[in-house]
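Please consider the structure below with attention to how its parts pack against one another. The account begins with a single residue and widens from there.

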Amino acid sequence: MGHTVVVVPTSTMLRRAARRRCPVCGHGGLFRHWVRMAPTCPHCGLRFRRIDGHWLGSWFLNVCVAQTVVVAILVVGVALTYPDPPIAALAAVDAGAAVLVPLGFFPFSRTLWVAIDLAMRPLDFHDGVAPGFELEHWPDAGLGAPAGR
Ligand SMILES: [Zn+2]
C-alpha cells in the first residue's frame, strides 16, 4: 500500500553517503554551500528531512565524531610528549578541532545520517522518490517490489 522496497544495500548507501552523495540514487550536488543542503535530491526526489527532528541524528553523529577527534588529539598529544605535555598548545589545538571538525564533517553527517535512517526505516512512498528510482541500478530486484507501483 504505497510502500516501496529499498533494494540498495546498506553498504552501498553508506559508501555513497561517505562521498556526500544521495544514498538512494548516488547522485551528488546535494549541497549548495558546504553547510547548505538541498531539501530534496535533485535526481531522485528523496526528501532528506524524513520526519520532524530528523537532523537530531546527524547532529548527534557530528558531536560524536568531533568529541572522538578532540579526545584523540589529547590522548595522542599527551602520549607523544609525556612526561611534559604542552598543555596550553594541546588545549589550543583541541579548541580549534572542536570548531573545525563539526564544520568539516557537517555535510557528511547529513548524508550519512540519511543512509543510516534509510537502513533502519526503509524508503516509504512519502519520501518523494520518483517511482522506479529505488530499483534503477538493481535490475534483479523486481522480485521484491510490490505490484502496481
Ligand atoms: Zn537521490
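Leucine 118 lies in helix 3 of this predicted model. Leucine 118 has 23 other C-beta atoms within 10 Å and is therefore buried, the cut-off being 20 or more. Although leucine 118 and leucine 14 are separated by 104 residues in sequence, their C-alpha atoms are 10.0 Å apart in space.

Of the residues in the contact of helix 1 with helix 3, ten are nonpolar and two are polar, while none is charged.

The geometry of this pair can now be set out. Two packed helices are described by the angle between their axes and by the distance between those axes. Helix 1 spans residues 10-18 and helix 3 spans residues 87-120; their axes are 8 Å apart and form an angle of about 170°. Angles over 145 degrees count as roughly antiparallel, and helix 1 and helix 3 are therefore roughly antiparallel to each other. The crossing of helix 1 past helix 3 is right-handed.

The protein chain as a whole contains three helices and two strands, which follow the pattern α-β-β-α-α along the sequence. Of its 149 residues, 22% are buried. Among contacts between residues at least 6 apart in sequence, 65% join residues at least 24 apart.

Terms used: Residues are numbered from 1 along each chain as its sequence is written. This is a predicted model: local features need pLDDT of at least 70, side-chain atom pairs count only at pLDDT 80 or more; totals for chains, interfaces and linings use all residues. Axes are lines fitted to C-alpha atoms, for helices over the stretch in contact, and angles run from 0 to 180 degrees between N-to-C directions. Helices (H or I, at least four residues) and strands (E, at least two) are DSSP runs, numbered from the N terminus. Angles under 35 degrees count as roughly parallel, over 145 as roughly antiparallel, 65 to 115 as roughly perpendicular and the rest as oblique. A crossing is left-handed if the near helix is turned anticlockwise from the far one by less than a right angle, and right-handed if clockwise. Ala, Val, Leu, Ile, Met, Phe, Trp, Tyr, Cys and Pro count as nonpolar, Asp, Glu, Lys and Arg as charged, and the others, Gly among them, as polar. A residue is buried if 20 or more other C-beta atoms lie within 10 Å of its own, exposed if 12 or fewer, and partly exposed in between; C-beta atoms are placed from the backbone. Two residues are in contact if their C-beta atoms, placed from the backbone, lie within 7 Å.
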